[in-house]
Amino acid sequence: MKDRIYVTDLKNHVGSSVTLYGWVAKARPTGKVAFITIRDGSGTCQCVLEKNETTESFFDVAKKLSQESSFTITGTPCLEERAPGGVEVRDITACNIIGESADYPITPKAHGVDFLMKQRHLWFRSQRQWHILRIRATIVDAIRQFFNGEGFKLIDTPIFAPAIGEGASTLFEVDYFDEQVFLAQTGQLYVEAACMAHDKVYCFGPTFRAEKSKTRRHLTEFWMVEPEMAFCEMDEVLELAENFVCSVVQRILKDNRDDIEAIGRDIASLEAIQKPFHRLRYADAVEMLHGPKAKELLENDLTEKTAEIEGLNNKITELEESGKTAKKQWQKEKAAQDIQTAREERTELEEQIANIPTHMKLAAEFQFGSDLGGSDETIISRLHDRPVFVTHYPREVKAFYMRVDRDDDRVVENFDLIAPQGYGEVIGGSMREENHDILLERIKAHSLPVENFEWYLDLRRYGSVPHGGFGLGVERTVAWLCGLKHIRETIPYPRMLGKIYP
RNA sequence: UCCUCGAUAGCUCAAUUGGUAGAGCGAGCGGCUGUUAACCGCUAGGUCGUAGGUUCGAAUCCUACUCGGGGAGCCA
C-alpha cells in the first residue's frame, strides 16, 4: 500500500488528494450526504460524500458501508470546524469495500460486561479500549527504558518452575513429562541469583496465580517487572521504586496526553504523582487505622454518600415524571436511560455504604501482626495526597526470603507501595535475607522443602551480599494511571477465574 | 471456600408486585444536503437461564442446579 496515508498524518496533506485504508467506525448515510468515520489504527477521521455526477458511481457503495467493513477511500483532507477533530476528508474520488461486515455485534449503544468480555477480540477496536491499550503499550516501553537506562540487565526467568515462590496454594500445576511443575508466580528468586552476576538486573514477563479471586483487582495471568540490586540498602530500593514510578508517569504524560484525555482521566492527579512518596512504618499505619482521622474519614463518607443517594433518588423521581410527560419518543428514551444510569450509581453507592461499618470495624480492631486488608489500604492511601510506602511488616505475614530487621526482629525490611484513590498495592518489595543461617531457619519455619532451596542457599554460601528489589504489577499500574474501575480492561486478553475465551 | 446481587428479543433494559410479554438500539425497507450515540415512518424478531414444586393461573412465589456481576480471604 505505497500510496497509503494514515489519519494522524492528514493534517500534513491538507488540500491534496490522499488514500486512506481502514474500517468503518461509524456510518451515517443521509439522502444526499453520507458521513463515514474511518478508523485506521492511527486514529479516526470523518469522510464526507456528497451525491453529485462525479460521485454517482460509488455513492451507493458508500451507503452500503456497514459498521466495521474494511475499505479504502480517496479524497482531499480539509480543515472543518463541524468535523470531530477538526479535519475531514471531502471531494471523494474513490471508495472501495475490501471486506464486508454484517451484523457487527458491538453496536454504538450500551453493552454489558459479560457480553463485551466474550467479544474481547472485537471490543478492543472500540475507542476507549483502543486508548487504554495504547497507554499500556507506552507504560511497558517506559518500564524497559527506565531499567535499561539505569544500567539494569534484563534477565529472562523461567515460566516452568518447581514449587518455589511465595505460597504453594496459588500455583497452576502443569504436567511436565510426568513431573509435577508449576507456572511461575514470580521470577524473583532467579533474578536474585542473576543479581550476583550482573549486580543490577530485572525480569519482565507474565506470571500466574491460581487465586480464586473474583474482584476488580485480580487476574490469573498478569505481567510483572522485578528489579533486583546488589550492595544496597532499603532506602535505595525505595528511591529506585519512587524514581521508576515517576518516570513511567512522566512518560505517559508526554506521549499519551490525547489518550489520557480521551478516556477522561484527570491529568492533574497524574501530574501530582511526584517524589518523595510518603513513607510509613507498618506500626504507624496500625496507629493511623486506630486513630480519629480514619474514623472521621469513614464517617464523612457515610454522610456524603447518604446525601448522594438522596440526590439520586430525587433525580430518579424527577426523571420518571419527565419520562411520563414527555411528548417525543426520544425524550422518553433519554429519561429511561438516565434513570438506568442513576439506578446503577445508586446500587454502587448503597454497596459502598453497606461496607463502611465493616471497614470501620476492621480498621478499629486491626491487630499488630496481621496483614493489611484492601479496605485498610484504601483508608491509608486516602489519608495521604501521594503514593505511600508502608514498610516493616510483621515477619509472620510476609515471605520467608525477606530480611529480618536487625533492630526489631518482629518485623522484616519490606515495603508495599499503595497507590492513591484506592487503587491499592501496585508494588511489593523487600531486602532479601543474606545470612545463610537465618534464611535456612526461615525456610524451615515456613515448612518449605529445604532440598528445593539448596541452589538459593548457595547464593548465601558464595559471596553473599545485602540485596533487595521489588515487583510492580503492570495491570494494576495501568488501571491506576488510566483511572479504570476494573483490571480486565488493562490487558488485551484478560485471564480471570472462569474466563479463558477468547 | 464463604457472603451478596442478578439471568426476559441479537444488545441494553421494562412489565403497575400472581392475571393476554413491552420499549429503545441493532437488522430489513422507505424518507431526509452537515451528521456528531443523527432524525422520522413501517416490518420482522420471545420455550422469560435449566429442572422440579405451589396455584384456577407463574417472568413474578418456593427448592435445587448452571452461568455471570460485586465483595471477603489471598495478593501485584
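## A walk around RNA strand B

Start by selecting helix H11 (329-364): H11 gives the most to the surface near RNA strand B, with 7 residues. Here, a residue is near a molecule or strand if one of its heavy atoms lies within 4 Å of it. Helices (H or I, at least four residues) and strands (E, at least two) are DSSP runs, numbered from the N terminus.

Before you click on, some ground rules. This is a predicted model, where local features need pLDDT of at least 70 and side-chain atom pairs count only at pLDDT 80 or more, while totals for chains, interfaces and linings use all residues; side-chain values use heavy atoms, with hydrogens and water left out. Residues are numbered from 1 along each chain as its sequence is written, and chains are lettered from A and ligands numbered from 1 in the order in which they are written.

**Stop 1: around the RNA**

Now show everything around RNA strand B. There are 53 residues there, and Arg 28, His 111, Arg 216, Glu 351 and Arg 476 come nearest. Colour the surface by residue type and you get 25 charged, 14 polar and 14 nonpolar residues. For that count, Ala, Val, Leu, Ile, Met, Phe, Trp, Tyr, Cys and Pro are nonpolar, Asp, Glu, Lys and Arg are charged, and the others, Gly among them, are polar.

Elements that each supply at least two residues of this surface include strand S1 (18-29), strand S2 (33-39), strand S5 (87-99), helix H2 (113-118) and strand S15 (424-432).

- Gln 46: an N or O atom of its side chain is 2.8 Å from a base nitrogen of RNA strand B.
- Ser 213: here a side-chain N or O atom is 2.6 Å from a base oxygen of RNA strand B.
- Val 426: this time a backbone N or O atom lies 2.6 Å from a sugar or linking oxygen of RNA strand B.

**Stop 2: the barrel**

Which strands close into a barrel? Select S1, S2, S3, S5 and S4: these 5 strands close up in the order S1-S2-S3-S5-S4, with mixed pairing. The twist averages 55° from one strand to the next. Two strands pair if DSSP finds at least two bridges between them.

S1 and strand S4 (residues 70-79) run antiparallel, joined by 6 bridges; look for Val 18 opposite Gly 75 in S4. S4 is also joined to S5 by 9 bridges, again antiparallel, and Thr 72 stands opposite Asn 96 in S5. Strand S3 (residues 44-50) and S5 run parallel, with 2 bridges.

**Stop 3: an open sheet**

Next, pick S7, S9 and S8. They form an open sheet of 3 strands in the order S7-S9-S8, paired antiparallel. Strand S7 (160-161) and strand S8 (173-176) are at the edges with a single partner strand each, so one side of each has no neighbour in the sheet. Between S7 and strand S9 (residues 179-183) there are 2 bridges, and Ala 161 stands opposite Phe 182 in S9.

**Stop 4: two crossing helices**

Finish with helix H5 (residues 188-198) and helix H14 (residues 454-461), whose axes come within 10 Å and cross at roughly 30°. Axes are lines fitted to C-alpha atoms, for helices over the stretch in contact, and angles run from 0 to 180 degrees between N-to-C directions. Show side chains, and among the residues that meet are Leu 189 and Met 196 in H5, and Trp 455 and Leu 459 in H14. Contact means heavy atoms within 4.5 Å. The residues of this contact divide into 7 nonpolar, 1 polar and 2 charged.

Notes. Polar contact = N/O pair within 3.5 Å; in protein donor to acceptor, adjacent residues only side chain to side chain.
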